[in-house]
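Please look over the sequence and the structure shown here before reading on.

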Amino acid sequence: AAQSRFVGGQCPSVTFDSQGRIVSYCSGLSETALKLFDPHTLAEIASYRLPQRGVNRTLNMRKIVKDSSGGAYFYLDHQDRAVLGLPDNTIKVIGQRQGAGGTTFVLEEEYDLSPVLGQKEAKISAVLPDWEGRYWFVTRFGLIGTVDPESGRMAHIELPGEEIQNSFAVDREAVYVISDHALYSLVANPTSGKPEIVWREAYDRGVRVKPSMFNQGSGTTPTLFGNGYVAIADNADPQMNVLVYKRGSDVDGPRLICKQPVFAPGRSTTENSLIGYGNSVIVENNYGYDIFTTMVLGRTSEPGLVRIDVDEDEQGCRIVWESSEIAQTVVPKLSLGSGLVYVYTKLPGAPLVSDAFYFTAIDCGTGETIYTGLTGTGLRYDNHFSPVTIGPDGTAYVGTVNGLLAIRDGTPQSELTGWSALHQAHTPLVG
């Protein structure tokens, strides 16, 4: 069964606090807010109004939806605090307070980045911590910086002429950032905190902004997986490639392990992160998706998901399977417990007037579609680049352009049917 909560805006990022409640950043034309939801009823528990992104103040719909900066990416820390980079050039740390009236959000810390970013809106794209506790941030217009949360000291570098529209990835050794020109590995200077480039790998950025893309460059946040690998997709024409690199500071032989073309020539691109598990990555095709207001009357993106495995000798990669499912823009998720890849799909053409959306499960081992269930019909069920998120109790959540969607079975535990039973009964990947 699918349950909807429409809040007048999209709630793309879903996180869970220590009580299992949903914390999400929700953005609409009239309001941008951090919201706390009951995971079972989707009732709103608390809300904290945030500065609206600059794109929200324009009537140009493409500018509104083709910009990931200003809060779309955020994370929840170990103290249930949301950490967000916002369009007023601040990093805000928003915690929870329990009182007689229930839970409320409170601003606990705020770091003004104006000394680094200037007085104009600099469009912070994402904020994440490293293993030393620093806040790293990137901006749409090519600035990479750090903030010491104790002292507030800031340091940064710029990538002239480069743009960053994706989030980034962090391991114990480095931070991995992708611009519209290259993939970077960086570390912080231990004294000043200033980002230092360890290595840079340019990729084929193509000759155009393809349909569905935010800019002329990769649409993927770097994916860390396997035995020290990092994967991205490029923007090459006529056919996009999945690129897998060795991510260490020093490597034997070439850093690039493979450059694997995927999907049909002239009809291939992705604006979402790859799934990484073991020596495998899974990529979906988003080519042809414009903006949700135009994807009506049966219109869809091009089909396709592909699983690629790195060869054991690290001399190349190979395609294991290809799926023809149409996952227009969803950030797919793999459950290690079930061995299933979960996507949010749409069928083309018929029925023309309904624009039906489905929750779909694909076998990670074979690429076979083993479950699909209708979640809703119409424009408001378009997920517009929101991910599938699996909650602590197995409920699946998807942000839609007008709110939040929960997909659950709704039957007693002893009588599970549908996708949640499949989730429990399918082959685990753990171990």
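This is a predicted model: local features need pLDDT of at least 70, side-chain atom pairs count only at pLDDT 80 or more; totals for chains, interfaces and linings use all residues.

Residues are numbered from 1 along each chain as its sequence is written, and side-chain values use heavy atoms, with hydrogens and water left out.

**The sheet**

- Strands of a sheet pair through backbone hydrogen bonds, and this pairing is either parallel or antiparallel.
- Four strands, in the order S10-S11-S12-S13, make up an open sheet with antiparallel pairing; strands here are DSSP runs of E with at least two residues, numbered from the N terminus, and two of them pair if DSSP finds at least two bridges between them.
- Strand S10 (124–129) and strand S13 (154–158) stand at the edges with a single partner strand each, so one side of each has no neighbour in the sheet.
- From one strand to the next the twist averages 15°, where axes are lines fitted to C-alpha atoms and angles run from 0 to 180 degrees between N-to-C directions.
- Strand S12 (residues 143–147) is joined to S13 by five bridges, and the two run antiparallel, with Leu143 standing opposite Glu158 in S13.

**The disulfides**

- A disulfide is a covalent bond between the sulfur atoms of two cysteines.
- Counting a pair of cysteine sulfur atoms within 2.5 Å as a disulfide, the model has two disulfides, and the bonded cysteines, numbered in sequence order, pair as 1-2, 3-4.
- Cys11 and Cys26 form a disulfide with their sulfur atoms 2.1 Å apart, and this link is right-handed, with 110° about the S-S bond.
- This pair links distant parts of the chain, since Cys11 is in strand S2 (residues 10–16) and Cys26 is in strand S3 (residues 22–27), 15 residues apart.
- In the disulfide of Cys258 and Cys317, the sulfur atoms are 1.9 Å apart, and the torsion about the S-S bond is about -70°, so this disulfide is left-handed.
- Cys258 lies in strand S21 (residues 256–261) and Cys317 in strand S25 (residues 317–323), so the pair ties together parts that are 59 residues apart in sequence.

**Burial of the cysteines**

- Cys11 counts as buried at 0% relative accessibility, where buried means under 20% relative accessible area, exposed means over 50%, and partly exposed lies in between (1.4 Å probe, protein chains only).
- Cys26 is buried with a relative accessible area of 3%, and both Cys258 and Cys317 are buried.
- Cys364 also counts as buried, at 6% relative accessibility.
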